[in-house]
Amino acid sequence: MDLLNTLVDKGLRRELPTREEALAVLATSDDDLLEVVAAAGKVRRQWFGRRVKLNYLVNLKSGLCPEDCSYCSQRLGSKAEILKYTWLKPDEASKAAAAGVAGGAKRVCLVASGRGPTDRDVDRVSQTIEAIKEQNEGVEVCACLGLLSAGQADRLRSAGADAYNHNLNTSEGTYGDITTTHTYADRVETVQQAQAAGLSACSGLIAGMGESDADLVDVVFSLRELDPDSVPVNFLIPFEGTPLAKEWNLTPQRCLRILAMVRFVCPDVEVRLAGGREVHLRSMQPLALHLVNSIFLGDYLTSEGQAGQADLDMIADAGFEVEGAGTTTLPRHRTDAAAEAAEAETGGGCGSHAGGCAPCGDVADEPGDAEAGVPGARTDLVAVRRRGAGTDLAPNA
């Protein structure tokens, strides 16, 4: 297929595809799916070999968020029966992080619900970062705390944070349809603040919220321009009690096409398969490893993922290997550029995901209604997290 040959050539040269080419990837047929995966896989292997980076989420503070993001189970007015708790103590968060590191995670993502941190919150998270790094030598720490105020990114970096996650989630044109309490521009500004402070920027998207192909291409092109180091791709997790309850728009095949498009547009960044992979990719998850080079291990913020050992088995069975702590994730040209930027104190640039971190949660009304009214709805695969951080039960890392 001429389209795929062109995209592979561009990906190996780190050249931006045209919008028409990106849209054409999303429009390919199921008959061509394996060819699309194989082509994007060539680009993935060029820059990342067969390595898979493991990331682990620790939800520092769950629920009761004042923002109204429609996809999120922690949003204002959410009726999702998720865990709700206030800030974990630094030793509690460090213990939770250690479980992920023991399971093979190279990066720990610290997430807290809310519009953004107060200065006291930054102090609290800084103590947590220090505790995690003291007990887990070599681990990367990414913070995901919402919108940042002036100076907060610098303080997090001084405390030892390596990265900051703040997802764009959807296109600028449709952002107001999913959130009204803050703007798309607010999100862009926070990512830029993190970059200016010398933090590795992690910013991605959520697919499956009713957006068009053009919206998906818009947000991915915006991410390419923003130039984060990692791009987490989340698939909407339909949670009972959130506004997007009946948005079951994804098939495994569409998810793979979306991941391929992201890889072609962002060939040399850490593309992370994030929330919703178990719900929407299901038995086709191993194929996604030919497109992404990073996943989350075990559970997410408010939803359950598959067991950590199942993740490890999937990686091995598919012929991939877990990226070791001593391995640099990004290609050398990106790490060299980041180092030069840091020396010049200009920040910015790249250096990924995220979490990057996954979305807080997602949608579904009554399970019976969703199954009856929405073809392909798999409400049986949506499970609220009841273990790990904030509970007395062990995590599934």
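Modeller: A helix here is a DSSP run of H or I with at least four residues, and helices are numbered from the N terminus. Keep in mind that this model is predicted.

Colleague: Where is arginine 277 found?

Modeller: In helix 11, which covers residues 277–280.

Colleague: Is arginine 277 buried or exposed, and how do you know?

Modeller: Its relative accessible area is 0%. Buried means under 20%, so arginine 277 is buried.

Colleague: Which backbone oxygen lies 2.8 Å from a polar atom of the side chain of arginine 277?

Modeller: That of phenylalanine 296. The cut-off for a polar contact is 3.5 Å, and 2.8 Å falls within it.

Colleague: What joins the side chains of arginine 277 and tyrosine 300?

Modeller: A polar contact of 3.3 Å. That value also lies within 3.5 Å, so the name applies.

Colleague: How many aromatic pairs does the structure hold?

Modeller: There are 2. In one of them, the ring centres of tyrosine 175 and tyrosine 184 are 6.1 Å apart, with the planes at 65°.

Colleague: Why is the pair of tyrosine 175 and tyrosine 184 called edge-to-face?

Modeller: Pairing needs centres within 6.5 Å, and 6.1 Å passes.

Colleague: What makes phenylalanine 296 and tyrosine 300 a pair, and of which kind?

Modeller: Their ring centres are 6.4 Å apart, which is within 6.5 Å, so they pair. Their planes stand at 75°, over the 60 degree mark, so this pair is edge-to-face as well.

Colleague: Why does phenylalanine 296 count as buried?

Modeller: Its relative accessibility is 0%, under the 20% limit. Tyrosine 300, at 3%, counts as buried by that rule too.

Colleague: How do you know that the charged end of arginine 50 sits over the ring of phenylalanine 320?

Modeller: It is 4.4 Å from the ring centre, and the limit is 6 Å. The charge must also be within 35 degrees of the ring normal. The charged end of arginine 19 sits over the ring of phenylalanine 221, 6.0 Å from the centre.

Colleague: What makes the phi of asparagine 169 worth a remark?

Modeller: The phi is positive, about 75°, although the residue is not a glycine. Asparagine 169 sits in the loop between strand 4 (163–165) and helix 7 (175–178). Its relative accessible area is 3%, under 20%, so it is buried.

Colleague: Why is arginine 282 called partly exposed?

Modeller: Its relative accessible area is 27%. Buried is under 20% and exposed is over 50%, so 27% falls in between. Arginine 282 lies in the loop between helix 11 and helix 12 (285–288). It too has a positive phi, about 55°, without being a glycine.

Colleague: How much space lies in the second largest cavity?

Modeller: About 120 Å³. It is lined by 14 residues, and those closest to its centre are Tyr56, Leu57, Arg385, Gly388 and Ala389. Strand 1 (residues 51–61) gives the most to this lining, with 4 residues.

Colleague: And how much lies in the second largest pocket?

Modeller: About 260 Å³. Its lining has 13 residues, with Glu92, Lys95, Gly388, Ala389 and Thr391 closest to the centre.

Colleague: Which classes make up the lining of the second largest pocket?

Modeller: It has 7 nonpolar, 3 polar and 3 charged residues. Ala counts as nonpolar, Glu and Lys as charged, and Gly as polar.

Terms used
Residues numbered from 1 in each chain as written. Predicted model: local features only at pLDDT ≥ 70, side-chain atom pairs only at ≥ 80, totals over all residues. Heavy atoms only, no water. Phe/Tyr/Trp six-rings, centres within 6.5 Å; stacked < 30°, edge-to-face > 60°. Buried < 20%, exposed > 50% of the residue type's maximum accessible area, 1.4 Å probe, protein only. 1 Å grid on protein atoms, 1.4 Å probe; cavity = no way out; pocket = protein on both sides within 12 Å on 5 of 7 lines; lining within 4 Å. Points joined across faces, edges and corners; volume = space filled by probe spheres on them. Helix = DSSP H or I, 4+ residues; strand = E, 2+ residues; numbered from the N terminus. Polar contact = N/O pair within 3.5 Å; in protein donor to acceptor, adjacent residues only side chain to side chain.
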